[in-house]
Each structure stands twice: as C-alpha cells, then as structure tokens.
Amino acid sequence: MLRTLSGKALAVLASLALILTLHSPRFPAATARDTAASVGLQCRDLSCRYYFSRAQTAKIKTTLDAREWTAQAGAQLICSRIPHKVVAAFCLLAFAYLYDSARNRLVNAYKMGGCLVLRARLSWRKSITFASVPPTHSRCV
C-alpha cells in the first residue's frame, strides 16, 4: 500500500501521526526507579521538545565514541529514549538524514556540559531536529 501512495500523501499521513502524538495525554509521573532513564518533555502548540539530562547526554556521547559514531548506534541510543513511540519512530527514520546535525549538537552539548534536545513538530519540513542547550537552561538537569 505504501508504494501506491504519493510523497504528498505520505507527508499528510506522517503529519497526522505527529498531530495525534503531540496531542496525546501526557505521560504519568515517573517513579523513583525510572527517573534516571526519563527524558524531560516540554510540549506547546504543535511541537514537543525532549530534553536529555546532562548525564544522559554525556553517556550517549561516550558510548558513541566507543562505537566509532555509527549512524545506527546513534539512532538507537538517542531515539530509543524518546517516550512517545511515534516520535521515536520518526526519529529513527529522520536520523539517517540528520546524522551530522545530531552528532554536532551532541558534541556541542557535551563540550559545554549541557543537554541534547530533540524537537518534534508538525511541519512539512524538518519535523525532527536536534539542538543543544547550556547547563544553565531551565530544562537541562
């Protein structure tokens, strides 16, 4: 069926999936056991930002250093931590195209002792983007 859909139809389906995801109910409060593995979340309008902690950012960077920075390892380490499964799937799909950007943002976040951020937004272009924030940012813990 996917082969018969045009690129525009696939983009519309992807947008609908992101809309449903971004407007789904929020996650339940994290328990003490899974707090270390959680990713900070901030949603507004039709976008969400997932903030990796400083410890998670450093761990991802050192793990990728040990694995020689393959795109597959990066996608697994970053996208698998996203709690929304639809956004995690989009992250996996987009990671091949955004590998250099994700790597640069991760290295930048690590160097300044800050946090890696994944942004998912409803858009025809750049639905998934990566950023880095300094340790002084309110969401960087």
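Helix α3 has these buried residues: A73, G74, A75, L77, I78 and C79. The model is predicted. Among the elements that cover the buried residues of α3 are α2, α4, β3 (115–121) and β4 (128–133).

Start with the overall layout. The chain contains four helices and four strands. Along the sequence they follow the pattern α-β-β-α-α-α-β-β. The chain has 141 residues, of which 34% count as buried. Take the contacts between residues at least 6 apart in sequence: 59% of them join residues at least 24 apart.

Now the sheet. Its four strands are ordered β1-β2-β3-β4, the sheet is open, and the pairing is antiparallel. β1 and β4 are the edge strands, each pairing on one side only. On average, neighbouring strands of this sheet are turned by 20° against each other, direction ignored.

Walk across the sheet from β1. Strand β1 covers residues 40–44 and pairs with β2 in the antiparallel sense, over five bridges.

Next comes β2, residues 47–51. Is this strand enclosed or open to the outside? Four of its five residues are buried, so β2 is largely enclosed by the rest of the structure. Buried here means under 20% relative accessible area. β2 also runs antiparallel to β3, and five bridges join the two. In this pairing Y51 stands opposite V117 in β3.

C115 has V133 in β4 as its bridge partner. Helix α4 packs on the sheet and touches β2, β3 and β4. The direction of α4 makes about 30° with that of β4.

Turn to the helices. α2 spans residues 54–66, and α4 spans residues 85–111. Their axes come within 9 Å and cross at roughly 120°. That angle makes α2 oblique to α4. The crossing of α2 past α4 is left-handed. On the α2 side, the contact uses T57, A58, I60, K61, T62 and L64. On the α4 side, L106, V107, A109 and Y110 meet them. By class, this contact has seven nonpolar residues, two polar and one charged.

Does K61 count as buried or exposed? Its relative accessibility is 14%, so K61 counts as buried; the cut-off is under 20%. What surrounds K61, leaving aside neighbours within four places in sequence? The residues in contact with K61 are W69, L106, V107 and Y110. L106, V107 and Y110 also belong to the α4 side of the helix contact.

α2 packs against α3 as well. α3 covers residues 71–79. The axes of α2 and α3 are 10 Å apart, at an angle of about 160°. The two helices are therefore roughly antiparallel to each other. The crossing is right-handed, whereas α2 passes α4 in a left-handed one. I60, T63 and L64 in α2 meet A73, G74, L77 and I78 in α3.

S80 is in the loop between α3 and α4. With a relative accessible area of 51%, S80 is exposed; the cut-off for that class is over 50%. How far apart are S80 and L92 in sequence and in space? They are 12 residues apart in sequence and 8.5 Å apart in space, C-alpha to C-alpha.

Note on methods:
Residues numbered from 1 in each chain as written. Predicted model: local features only at pLDDT ≥ 70, side-chain atom pairs only at ≥ 80, totals over all residues. Heavy atoms only, no water. Axes fitted to C-alpha atoms, helices over the stretch in contact; angles between N-to-C directions. Parallel < 35°, antiparallel > 145°, perpendicular 65-115°, else oblique. Left-handed = near helix turned anticlockwise from the far one by under 90°. Contact = heavy atoms within 4.5 Å. Nonpolar A, V, L, I, M, F, W, Y, C, P; charged D, E, K, R; others polar. Buried < 20%, exposed > 50% of the residue type's maximum accessible area, 1.4 Å probe, protein only. Pairing = 2+ DSSP bridges.
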